[in-house]
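Subject: Handing over the model

Hi,

Could you open it alongside the text as you read?

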Amino acid sequence: MKNANLPLIKILMIVMALFLMNGISAQTTIPEETTTSETETKDSNWIEEITSRVTPYGTIRIGAGFAEEGEIGISNNAPRIGLKFKHALSNDEAENFNVIGGIEFGVNLVSRDDTVEFAVDPGAGIAQVGDAVFARLGFVGVSYQDFEFTFGKQNSVYYTLGANQIDRFLAFGGAAIGVWNISDGGISGTGRANQVFILKYKNKGLTLGAQMQARNISDNSESIDTYGFGVNYTIDGFTIGAGYNKVNDGVEDPLPNQAKEGDEAFVTSASFEKDRFTVAASYAILKQHQQVGDIFYDATGIEFYARYKFSTNQRWHVAAGFNYLKPDDDENLGDFDSKFGIVEVGYNFKKASHIFVAADIDQSEDSNGDSRNQSVFGIGIRFGF
C-alpha cells in the first residue's frame, strides 16, 4: 500500500504539470477504436513516467518559547517544502548520466515579528520576513558517475562539506561558523549561495567541491565574484571536513544586498558517531565576514555538540553544546562577543520527525560587558515527510 500511495503524493506536489497535461489531453481526439481502459492505462503510464523522476519532501517546524524576563513567543523553525528531480540521459546504467535539479520553498507558518526568537531560521533572506512563501533553493545541473555540476541558488560547499556536520541541534546553534553571516549567506556564498556554479566529486568516503558566484551586484563586480572550496572525508564513523570562501567584489560600505570588501571565511569540522553516541566540533576563522550594526569585523568561532540516545529503542536523546564567537582584539569592539550553551532533549517519533524541549543559556556581552541577549527556553516539533 505504501508504494501505491507514493505516486499520489508526488502528483499533488506537481499539480501544475498535471493541469498542463490535462489541457493537452482535452485538445486531443481519441480514435474510436481506443477503449476507455486503454486510454486510462496510457494516461497512467504517462503520469507515472513523470512522477518517477520527482521526489517531494518537506518539514513542518515550529517552536514556542519564553525568555528569562517573561516574554512568550511562537516562531518558525525553518519549515520548508521542496522537489528533487533526476532524469537519466542514457539507457546505459553504467554511464549514470543524469539531469538533476531541485526547488525548495520556505514557509512562514506563524508571524516572524517575534518577541522571543525560539528555534528560528538562522538565515531568512532579505525582504522575506513578512512573506508567506519564499524561495530557499532552486538549481539545475547534470551528474555523471562520480561528478555533479549544478547552477542556481544552493547550499554552498563551505556549508555542506566544511560545516554541516556541526549543525545538528533541533533549535539554536550555527552562530559561530560563519555560514549565515548576511541574511541566508547567499550574498557572501557561505550559506544558501546565490547564482552559484558548484562542481562536486564524490567517491566512497571522499567528497571534493569547488564553487564560483557570478552575481553582478556591485561596481566592483568581477567575472568570478566569489569562490570557494570544500573537502570532506568519512571513515568508520569519523568525519572531517573543511571549507573556504572568499569575496572578490566586496565594497567598503556595502548595501544590505552587497558583500563586504575583504570578506573571507575558513571553517573546519570533525565528528564521530558510534552506537548511541555522537560528538562534533568546529573551528572558524572569519575576516570581515561577521556584522554587528554597520560594523564588519574579524573573528574566531568555536562550536561543540554532543548527543546520547539513552532509550533502548534509541528514540530518546539528550544533547548539549555551545557556540562561541569572539572578535579579534584589534577590532575595537570591547567585550562584545556571542556565547551561549545549548541543552536539548528530544523524541524521534518518525523518521526525520521529532518533538523536543531546548534551552539557550545565553552569556553574550555587548562592548561594555553587559548582557545583550536573554536566555530562552521552549518546546518544538519537526515533522518530516
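Predicted model: local features only at pLDDT ≥ 70, side-chain atom pairs only at ≥ 80, totals over all residues.

Residues are numbered from 1 along each chain as its sequence is written, and side-chain values use heavy atoms, with hydrogens and water left out.

**Aromatic rings**

I paired rings of Phe, Tyr and Trp (its six-membered ring) when their centres lie within 6.5 Å; planes under 30 degrees apart are stacked, over 60 edge-to-face, and the rest tilted. That gives 15 aromatic pairs. One of them is Tyr227 with Tyr244: the centres are 6.5 Å apart and the planes sit at 50 degrees, so this pair is tilted. Tyr227 is in strand E9 (226-235) and Tyr244 in strand E10 (238-247), so the pair ties together parts 17 residues apart in sequence. Strands here are DSSP runs of E with at least two residues, and helices are runs of H or I with at least four, numbered from the N terminus. Tyr227 is partly exposed at 26% relative accessibility, and Tyr244 is partly exposed too, at 23%. (Buried is under 20% relative accessible area, exposed over 50%, partly exposed in between, using a 1.4 Å probe and protein chains only.)

Phe349 and Phe383 make a stacked pair, 6.3 Å centre to centre with 10 degrees between the planes. Phe349 belongs to strand E15 (338-350) and Phe383 to strand E17 (376-384), so this pair links parts 34 residues apart in sequence. Phe349 is partly exposed at 29%, as is Phe383 at 31%. Ring pairs also join Phe149, Phe151 and Phe197 into a cluster.

There is a charge over a ring as well: the charged end of Lys84 sits over Tyr57, 5.4 Å from the ring centre. (The rule is NZ of Lys or CZ of Arg within 6 Å of the centre and within 35 degrees of the ring normal.)

**The core**

How many residues does the largest nonpolar core have? It has 29, and Tyr158 and Val179 have the most contacts inside it. Elements giving two or more residues to this core include helix H4 (157-162), strand E11 (264-274) and E15. (A nonpolar core is a set of buried Ala, Val, Leu, Ile, Met, Phe, Trp, Tyr and Cys residues joined through side-chain atoms within 4.5 Å.)

**Two residues to look at**

Thr59, in strand E1 (54-67), is buried at 14% relative accessible area. Leaving aside neighbours within four places in sequence, Thr59 is in contact (heavy atoms within 4.5 Å) with Ala78, Pro79, Arg80, Phe383, Gly384 and Phe385. So Phe383 turns up both here and in the stacked pair.

Gln145 is in the loop between strand E5 (133-144) and strand E6 (147-155) and is partly exposed at 44%. Gln145 and Lys202 are 57 residues apart in sequence and 9.0 Å apart in space, C-alpha to C-alpha.

**Strand pairing**

Strands pair if DSSP finds at least two bridges between them. Strand E3 (80-88) and strand E4 (97-107) run antiparallel, joined by nine bridges; Leu83 has Ile103 in E4 as its bridge partner. E4 and E5 are also antiparallel, with eleven bridges, and Val99 stands opposite Val142 in E5.

Cheers
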